[in-house]
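Trainee: I would like to learn how to read a structure of this kind feature by feature. Could we go through it slowly, with the general idea placed ahead of the particular case?

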Amino acid sequence: MYAVENSTVAEESVSPQSPSSNKRVMIDVKDLSLVFQTNDGPVNALSDINLKIGEGDFVSFIGPSGCGKTTLLRVIADLEKQTAGSISVNGTTPEDARLNRLYGYVFQAAALLPWRTIKKNCAVPLEISGHSQAHQNKQIDKYLRMVGLQDFHEKYPWQLSGGMQQRASIARALCIEPDLLLMDEPFGALDEITRDHMNVELLKIWDETKKTVVFVTHSISEAVMLSTHIVVMSPRPGRITKVIESPLPRMKDLALRDTEAFHALAAEIRAALAEEHAID
Ligand SMILES: Nc1ncnc2c1ncn2[C@@H]1O[C@H](COP(=O)(O)OP(=O)(O)OP(=O)(O)O)[C@@H](O)[C@H]1O
């Protein structure tokens, strides 16, 4: 049982309060574990995960390498199966959610097809879904405009900077209008200035489209800048050690990073990481 049944994000034994809201639960993870069998023996990638993510929230997973951030995202996306426990995504199984095209997935590398133009890359999920050419054009135009690439339809990926390629991959994920955006360190390979810019752009898109976002990051300041909730994880075995609800406004600009409230939240995350020896 959860202490607050309608809580937005709660990890049972760690953060039972999560006072925020009566939002619909988009992702509900209960007592979930995942053990990989390897030649070197079993790897406890995820251990006893309990987590609820509310509709419209921006939730970041943060923790050191190997704590299971990507694995948890992949379980949500139906790219991995848990070995114990349960998970529902929008009230269904992750498999049904995937088949219903509920989510878009953005990887660390933009993973655009080099032989296709930006427009044709964005068309891939729409083609798979069997949408008409007219609908494809409308969606691609709308989302390339949203990410500021309206003048780059006909360019090839290699003609764009890394940040522009990542924006194109976000547009590609948005084109099918998923309710849920799963992002695995999407800006990890970008320089700091571009990353700052992308963070602001992503917040605008999130605000405009009202999506639920689950975001993996190694960066404390990125987690503070973006999230409504920060899920702190720790390795060996991969587990959730704390869920922090951000007291900051949903929409943030870069100036907020110089405020006391921003630094206080960053310090709280840092302390949570250190507390559980998450940082060796
Ligand atoms: N397919 C797999 N087979 C075996 N072990 C795996 C597999 N995928 C992940 N692991 C192991 O599971 C654990 C969690 O990995 P995961 O990639 O989820 O961590 P992470 O927190 O995302 O790490 P990073 O920040 O380095 O990306 C690690 O010990 C990893 O080696």
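**Reading sheets, domains and a ligand shell**

Mentor: Let us begin with a single pair of residues, bearing in mind that this is a predicted model: Val 232 has Lys 242, a residue of β9, as its bridge partner. The two strands concerned, β8 and β9, run antiparallel and are joined by 6 bridges.

Trainee: What is the order of the strands in the open sheet of 6 strands, and which strands stand at the edges?

Mentor: In general, the strands of a sheet pair through backbone hydrogen bonds, and the pairing may be parallel or antiparallel. Here the order is β5-β6-β7-β3-β8-β9, and the pairing is mixed. The edges are taken by β5 (103-106) and β9, each of which has a single partner strand, so one side of each is left without a neighbour in the sheet. On average, and with direction ignored, neighbouring strands of this sheet are turned by 15° against each other. Across β3 (58-62), β8 and β9 lies helix α8 (residues 260-275), which runs at about 165° to β9.

Trainee: How many strands does the open sheet with the order β2-β1-β4 have, and which residue in β4 is the bridge partner of Lys 30?

Mentor: That open sheet has 3 strands, with antiparallel pairing. Its edges are β2 and β4 (84-89), and because each has a single partner strand, one side of each is left without a neighbour in the sheet. The twist from one strand to the next averages 20°. Between β1 and β4 the antiparallel pairing extends over 5 bridges, and the partner of Lys 30 in β4 is Ser 86. Helix α1 packs on this sheet, where it touches β1, β2 and β4, and its direction makes about 60° with that of β2.

Trainee: Which residues are the closest to the ligand, and which element gives the largest share of the shell around it?

Mentor: A shell can be read by its members, by the elements that supply them and by their classes. The ligand is surrounded by 13 residues, of which the closest are Phe 36, Ala 45, Ser 65, Thr 70 and Thr 71. At least two residues of the shell come from each of β1 (25-38), β2 (41-54) and α1 (69-76), with α1 giving the largest share, 3 residues. By class the shell holds 4 nonpolar, 8 polar and 1 charged residues.

Trainee: What domains does the assignment give, and how far apart do their C-alpha centres lie?

Mentor: The domain assignment gives domain 1 (1-102 + 180-280) and domain 2 (113-177), with C-alpha centres 26 Å apart. Their contact takes 11 residues from domain 1 and 9 residues from domain 2. On the side of domain 1 that touches domain 2, helix α6 (residues 192-209) provides the largest share, 5 residues, and the residues of that side divide into 7 nonpolar, 2 polar and 2 charged.

Trainee: At what angle do α3 and α5 pack, and is their crossing left-handed or right-handed?

Mentor: For a helix pair, one reads the angle, the distance and the handedness together. Helices α3 (residues 118-128) and α5 (residues 162-174) pack at about 35°, their axes being 8 Å apart, and the crossing is right-handed.

Trainee: Where does Asn 90 lie, and which residues does a cis peptide bond join?

Mentor: Asn 90, in the loop between β4 and α2 (94-99), has a positive phi of about 55° although it is not a glycine. The cis peptide bond joins Arg 236 and Pro 237, with omega about -5°, and Pro 237 is placed in the loop between β8 (229-234) and β9 (239-245).

Key:
Residues are numbered from 1 along each chain as its sequence is written. This is a predicted model: local features need pLDDT of at least 70, side-chain atom pairs count only at pLDDT 80 or more; totals for chains, interfaces and linings use all residues. Axes are lines fitted to C-alpha atoms, for helices over the stretch in contact, and angles run from 0 to 180 degrees between N-to-C directions. Helices (H or I, at least four residues) and strands (E, at least two) are DSSP runs, numbered from the N terminus. A crossing is left-handed if the near helix is turned anticlockwise from the far one by less than a right angle, and right-handed if clockwise. Domain bounds come from an automatic or database domain assignment. Two residues are in contact if their C-beta atoms, placed from the backbone, lie within 7 Å. Ala, Val, Leu, Ile, Met, Phe, Trp, Tyr, Cys and Pro count as nonpolar, Asp, Glu, Lys and Arg as charged, and the others, Gly among them, as polar. A residue is near a molecule or strand if its C-beta atom, placed from the backbone, lies within 6 Å of it. Two strands pair if DSSP finds at least two bridges between them.
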